[in-house]
Amino acid sequence: MSPAPFRLTRAQVRKIDRISIEKYHIPGIVLMENAAIHGADFAWKLLDGMAGDVHIVCGGGNNGGDGLSIARHLHNRGCRVTILLATDPSHFKGDALINWQIAQAMELDVGRAEPCAITGRADLIIDALFGTGLARPINGAMRDTILEMNQWRDNILSIDLPSGLDCDSGEPLGPACIRAANTITFVAEKAGFANPTARHYTGHVTVADIGCPREVIDEVLQSDGI
């Protein structure tokens, strides 16, 4: 895992995913699985290769799907995994739904993502709430959950980018924004990571390849004049 020599906007991330799936016939579930394997590997490294207590806070989109898959891989390594859902599971669809069905079949421990569920008991808290598509402030119960999670920021690993951080500007979208110790991001850093403010939320950033063809990335960057 090493930094790519470019950063991606929200629109470019969507293009890369779409072209990889439509033109190069890579199923979205393969990209999600690759992301999850890297995420689990990195989480295992943060746990010093020891099977600890891990809380994975999952939203209803593909970022949540990444979290569900990471839960499976860490469970298989012996970790005591708790999935904390910030959405009604009936809202899962597509690739995230597949991973939810797998988690159910494996009878993984599942609870609700609410402030009282976030405690210092966990050796690692994984933020899989929102990905690059978020463009509005986080409100309601999820806002309170994020504020509680931030009490344990030294134990937080964000998946792709901290939930509540704008992908393009690197500024928080509102008062509820994850402050992670580490972020594992996919394909390349996001455009907003160039903003010095973003580092207060991302912590240390690691880039992981999820198998999008290099030709796709070149096509998207060239079409945007990069």
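In what order do the seven strands of the open sheet lie, and is their pairing parallel or antiparallel? I started my notebook there, keeping in mind that this is a predicted model.

Entry 1: I read the order as 4-3-2-5-6-7-9, with parallel pairing. At the edges I found strand 4 (109–112) and strand 9 (204–208), each of which pairs on one side only.

**Entry 2: one pair up close.** I picked strand 2 (residues 53–58) and strand 3 (residues 80–85), which are joined in the parallel sense by six bridges.

Entry 3: Next I traced helix 2 (residues 28–46), which lies across strand 5 (124–128), strand 6 (156–159), strand 7 (182–186) and strand 9. Helix 2 runs at about 160° to strand 7.

**Entry 4: the largest pocket.** I noted a volume of about 800 Å³ for this one. Its lining has 32 residues, and Val13, Asp17, Asn62, Asn63 and Thr132 lie nearest the centre. Which helix gives the most to this lining? I found that helix 1 does, with five residues. By class I have 14 nonpolar, 10 polar and eight charged residues here.

**Entry 5: the second largest pocket.** This pocket holds about 210 Å³ of space. I listed 15 lining residues, with Ala86, Thr87, Ala113, Ala141 and Met142 closest to the centre. Helix 5 (residues 140–149) supplies the largest share, three residues. My class tally for this lining reads eight nonpolar, three polar and four charged.

Conventions:
Residues numbered from 1 in each chain as written. Predicted model: local features only at pLDDT ≥ 70, side-chain atom pairs only at ≥ 80, totals over all residues. Heavy atoms only, no water. Pairing = 2+ DSSP bridges. Helix = DSSP H or I, 4+ residues; strand = E, 2+ residues; numbered from the N terminus. Contact = heavy atoms within 4.5 Å. Axes fitted to C-alpha atoms, helices over the stretch in contact; angles between N-to-C directions. 1 Å grid on protein atoms, 1.4 Å probe; cavity = no way out; pocket = protein on both sides within 12 Å on 5 of 7 lines; lining within 4 Å. Points joined across faces, edges and corners; volume = space filled by probe spheres on them. Nonpolar A, V, L, I, M, F, W, Y, C, P; charged D, E, K, R; others polar.
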